[in-house]
Amino acid sequence: QVQLVESGGGLVQAGGSLRLSCAASGNIFTINHMGWHRQAPGKQRELVAVISSGGSTNYAGSVKGRFTISRDNAKNTVSLQMNSLKPEDTAVYYCKVDYWNTAGRSMDAWGQGTQVTVSS
């Protein structure tokens, strides 16, 4: 079993910045992709950004140029630096990790979610 602990959400004014972090621990052999998704009220959960084990990144068009995803493979952590925040970025943000466990099974895990609220 893998646990993901998220931190860094909060309330910020439009144009401000926040940094989200997520730490993975537990039955992990190796981590493949790490990413962030978000879900706004009344909307489906959507991918925000993802980073591969080799450092390749992919972003949703709505956040490209404003958000930066990074990871520390030694610490099994992933972060999301969010700049120039807009009210439409308001959502619950979830960390997601795709990993191989010590039994050789491909698994995924989700964090509990952290609220990001951007006021206009």
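Strand 7 and strand 8 (residues 77–82) pair in the antiparallel sense over six bridges. Two strands count as paired if DSSP finds at least two bridges between them. Strands themselves are DSSP runs (E, at least two residues), numbered from the N terminus. The model is predicted; local features need pLDDT of at least 70, side-chain atom pairs count only at pLDDT 80 or more, and totals for chains, interfaces and linings use all residues. Residues are numbered from 1 along each chain as its sequence is written, and side-chain values use heavy atoms, with hydrogens and water left out.

The largest nonpolar core has 31 residues. Such a core is a set of buried Ala, Val, Leu, Ile, Met, Phe, Trp, Tyr and Cys residues joined through side-chain atoms within 4.5 Å. W36, L80, M82 and Y93 have the most contacts inside this core. Several strands each supply at least two of its residues, among them strand 3 (18–26), strand 4 (30–39) and strand 11 (114–119). Strand 9 gives the largest share, five residues.

A search of the whole structure finds one aromatic pair. Y94 and W110 form this edge-to-face pair, at 6.5 Å centre to centre and 80° between the planes. Rings of Phe, Tyr and Trp (its six-membered ring) pair if their centres lie within 6.5 Å; planes under 30 degrees apart count as stacked, over 60 as edge-to-face and the rest as tilted. The pair links Y94 in strand 9 (residues 91–100) with W110 in strand 10 (residues 106–110), 16 residues apart. Y94 counts as buried because its relative accessibility is 15%. W110, at 35%, counts as partly exposed. The cut-offs are under 20% relative accessible area for buried, over 50% for exposed, and partly exposed in between (1.4 Å probe, protein chains only).

The charged end of R45 sits over the ring of Y94, 3.7 Å from its centre. The R45 charge also sits over the ring of W110, 4.7 Å from its centre. This requires NZ of Lys or CZ of Arg within 6 Å of the ring centre and within 35 degrees of the ring normal.

Conventions
Helices (H or I, at least four residues) and strands (E, at least two) are DSSP runs, numbered from the N terminus.
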